[in-house]
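Welcome! Here is a short briefing to read alongside the sequence and the 3D view.

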Amino acid sequence: MNHNLNALHPYPFAKMATLLANSTPAHNHSEIKLGIGEPKHEPPEFVLDVLRENLDKMSRYPNTNGLFELRQTIAHWLERRFFLNHVDAKTQVLPVMGTREAIFSFVQAVVDHKAKTTDSIENQQSPSSSTGLSPTVVMPNPFYQIYEGAAILAQATPYFVPCTLDNDFKGNYRAVPKEVWMQTQLLFVCSPNNPTGSVMTMDDWEYLIRLSDQYDFIIASDECYSELYFDTAPIGLLQACAALGRHNFKNCVVFHSLSKRSNLPGLRSGFVAGDAEILHAYLQYRTYQGCAMPIPHQLASIAAWQDEKHVEHNRALYQEKFALWMAELGEPLALRMPEAGFYFWVKVPEQFAGDDEAFVKALYEQTNIHALAGRYLSREVNGNNPGQGYVRIALVASVEESREAISRIRQLLGA
């Protein structure tokens, strides 16, 4: 077996199962799941109709790079959504079977174990020398655990950038040492961030793009929550590239999905877009991987990407729930309104002494509400775990369930 498997951490939900193994939920309450970020809104019926109407096409092998019609639809969506002049559907877009799988395989494809030499680093005194260290993958902390797992199985070194209140929960990339950037081959950014809900600004993107130019690493932007915003649509990485005149999106790729945008997590439909040179190599990797989206899924995806009305309705439902939670629990829970996404990143109430595990256990045992301990989404670095003392609450349940959850939490805090 691959010895690197031993270095993988248990998934957050496995840790939660262990934590609650000897706990009994409050039987006088029905279960409300706010721990897993699985959308519960109704998927658009017209998309499901397209899927059903094309089930006969399951008898055909799909191409790895997908139907051109799907890539063209995605390219046009990117142009409209992020104000891009042109996205080449042939070379700058690649449909994938959900971004979780794509993020993992992308890391395997791009990490290069031929150590970086300082030939590619500007202003070095010994341009022919090699640093001789393992490749580094930089990622936010807390983070989506696939970033870390993919890096470990690619035999790269994860480097964690703490996302704390001091840096608006986005991560202070200016504090990353020069020596780390010299070894970095890939930087993951999640904007809107899971779990904190923070969004990158144009200045943030420009700083990272300049770093990418200086140290020659790839920026991979996980933008799966980009369509769940409140007032202003978040700026994406490709949008920032275009604003800087980088229409070839050099060293920049983005990941998008229909899971959150269209409430279609089971469709397993997303895409990677950006630098054509990188995607050309990644397509070769995927051809050997043998992971192609079934044709009925592709046709249904075309219908979903072409329609914005269902997305607007989806946003309105989340906006209603966030407004409800802020009005009813904003003060008792000291809630911080996220900039986008569907999570609250909640600081543990004082009565639980900052113990996120104790808080989620109390929620489960006394109210039958599932939430996720923040420490399980983070790693301890230099004795500090930036997720400890926080809890992630996903507003995926219905408005009615939200009202009930709020009532139970108010009682818990009052007790």
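Two strands are said to pair if DSSP finds at least two bridges between them. Strands (E, at least two residues) and helices (H or I, at least four) are DSSP runs, numbered from the N terminus. This is a predicted model, where local features need pLDDT of at least 70, side-chain atom pairs count only at pLDDT 80 or more, and totals for chains, interfaces and linings use all residues. Residues are numbered from 1 along each chain as its sequence is written, and side-chain values use heavy atoms, with hydrogens and water left out.

**A strand pair to look at**
- Strand β2 covers residues 93–96, and 4 bridges join β2 to strand β8, residues 270–274.
- The two strands run antiparallel, with Val-93 standing opposite Ala-273 in β8.
- In a regular strand, side chains alternate between the two faces of the sheet.
- In β2, Val-93 and Pro-95 point one way while Leu-94 and Val-96 point the other way, and all are buried. Buried means under 20% relative accessible area, with over 50% called exposed and the range in between partly exposed (1.4 Å probe, protein chains only).

**The whole chain**
- The chain holds 14 helices and 12 strands.
- Of its 415 residues, 57% count as buried.
- The C-alpha trace spans about 65 × 55 × 45 Å along its principal axes.
- Contact means heavy atoms within 4.5 Å; among contacts between residues at least 6 apart in sequence, 74% join residues at least 24 apart.
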